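Please take a moment to look over the sequence and the model before reading on.

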Amino acid sequence: MVKETDTVDPRDPRVMTGQVWEELCDTFRRAGELVAGPDVPDTPLDRAVGYRYLTQFIEAGINFCVAHGDGDYPEFTRMMDMGMRWGLDSPDCLYIVATVKEGREYRIWGDPGTSNHMDIQLNTGHYALGDISAVRTLGSISRDDFVRGPDGGFEIFLGGERRASNWVPSGPEAGFVLVRQNFLDWATERPGSFQIERVGAPVEKPDIRTDQIAERIDVLRSWVEKGGALWETMSRGMLSLEPNTTVTYAPGESEGNSGLKGQIYCQGNFRCRPDEAVIFEAVPPPARHWNVSLANFYWEAVDFMTRQGSLNGAQAELDEDGVFRAVIAHHDPGVPNWLDPCGQEAGTLALRFILAEQELQSPVSRVVPFDSLRSELPAGTRRVSPAEREQRLRDRREALWLRYRR
């Protein structure tokens, strides 16, 4: 059995004495300020949602920073899913991530699946740094770009010598590879299967050392402290805009800092009291994919599995004039394009377009009394019965169970 030579364990004193664990627990304790700190919403729902978010954000950090933090023996893990929502996650996207290191060559292979759009991206840095400008994209490749085998499978390489196809260049400070699979038809599109290995590495990896676990726990602490602060700052920035407004970012503006290549981001906020409805209007340009989703104060997507907290181009219904009109309301308004804020009277909003063929016209929103909603919508707006709504939600839940199955 081939095995790389083990390095003598340096007996890291913080690990041997338990100090590293005490420091981690102190970090977790301070992280409570994200939920119970000043100027944080403090209704019973907000507190419950906040502590749930915090545990899920820590879980994501444990997965990414500790359990799968070895760049010499990388493994793909979920970065986000319906039980780990953070960083303005997209309900249409299945995110997986693996840790890598500079100066190494990696091979990724498998079945790319049938998602509407799939992209593999190599980045520097780490989200634990708490500075989005420190995360830079070294290169990416989509399913449209790479050559597939006779069986439909694929094999690509990251770093190493330049290859004619199926190759992504690496560089200094390479830190992680991120795979995004965006699903349009939730019921029929299936996830891919991805494996990664460092080229030349044996299958059996050495035992973990005390200095290695100390380093990974320190990254986890930074994930919670600096990363948590980053997403709070981003969310507060959107919430500070005028109520029910959005900001559209130029194409390509974010793709250099780990944003998806070819995606236009439009972000903003919503404000909606229980007796109100917000009519959100946008004209979707022809695009590979588009969706709109609601998120809460923590920049966490609201429930999109058992509630209709998001819609995409296959789920939404456009009016005869080509306008997408969504209704944000706390009670079912009986229209197809209901966006359920899941009890949140204020939150953030994201509109995404992948490979749009035209520029996006700025969306507009207006607040109307809930009881007057029907008179504010086009006369041809279809009515959705309670039975149809129940079936729609059942279909969403079943499709997402299949997408996120363990």
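**Charged pairs, cores and a pocket**

Arg190 is partly exposed, with a relative accessible area of 37%; here buried means under 20% relative accessible area, exposed over 50%, and partly exposed in between, with a 1.4 Å probe and protein chains only. This is a predicted model, in which local features need pLDDT of at least 70 and side-chain atom pairs count only at pLDDT 80 or more, while totals for chains, interfaces and linings use all residues. Residues are numbered from 1 along each chain as its sequence is written, and side-chain values use heavy atoms, with hydrogens and water left out.

Arg190 forms a salt bridge with Asp111, their closest N and O atoms lying 2.9 Å apart; a salt bridge is a side-chain nitrogen of Lys or Arg within 4 Å of a carboxyl oxygen of Asp or Glu. This pair links distant parts of the chain, since Asp111 is in strand S3 (residues 106–111) and Arg190 is in the loop between strand S8 (174–182) and strand S9 (193–198), 79 residues apart. Helices (H or I, at least four residues) and strands (E, at least two) are DSSP runs, numbered from the N terminus. Asp111 is also partly exposed, at 29% relative accessibility.

Another salt bridge joins the side chains of Arg216 and Asp70, at 3.6 Å from N to O. It too links distant parts of the chain, with Arg216 in helix H5 (residues 210–239) and Asp70 in the loop between helix H4 (44–67) and strand S1 (77–80), 146 residues apart. Here Arg216 is buried, at 13% relative accessible area, and Asp70 is buried as well, at 16%. In the whole structure, a search finds 34 salt bridges.

How many disulfides does the structure hold? A disulfide is a pair of cysteine sulfur atoms within 2.5 Å, and the structure holds zero of them. Cys266, for instance, is in no disulfide, and the nearest cysteine sulfur, that of Cys93, is 18 Å away. The sulfur of Cys342 is 12 Å from the closest cysteine sulfur, in Cys272, and so is too far for a bond. Cys266 counts as buried, at 0% relative accessibility, and Cys342 is buried at 14%.

In soluble globular proteins, nonpolar side chains tend to be buried together. A nonpolar core is a set of buried Ala, Val, Leu, Ile, Met, Phe, Trp, Tyr and Cys residues joined through side-chain atoms within 4.5 Å. The largest such core has 41 residues, of which Met79, Trp86, Tyr127, Trp223 and Trp231 touch the most other members. Its largest share, nine residues, comes from H4. Leaving aside residues up to four places away in sequence, the contacts of Trp86 (heavy atoms within 4.5 Å) include Tyr53, Phe57, Ala60 and Trp299. A second, separate core of 22 residues includes Ala282, Trp290, Leu294 and Ala316.

Finally, the largest pocket is lined by 29 residues, of which Ile132, Ser254, Gly259, Tyr265 and Gln267 lie nearest its centre. On a 1 Å grid over the protein atoms alone, a pocket is an open set of points where a 1.4 Å probe fits, with protein on both sides within 12 Å along at least five of seven lines, and lining residues have an atom within 4 Å of a point. The elements that give two or more residues to this lining are S1, S2, S8, H5 and strand S11 (263–271).
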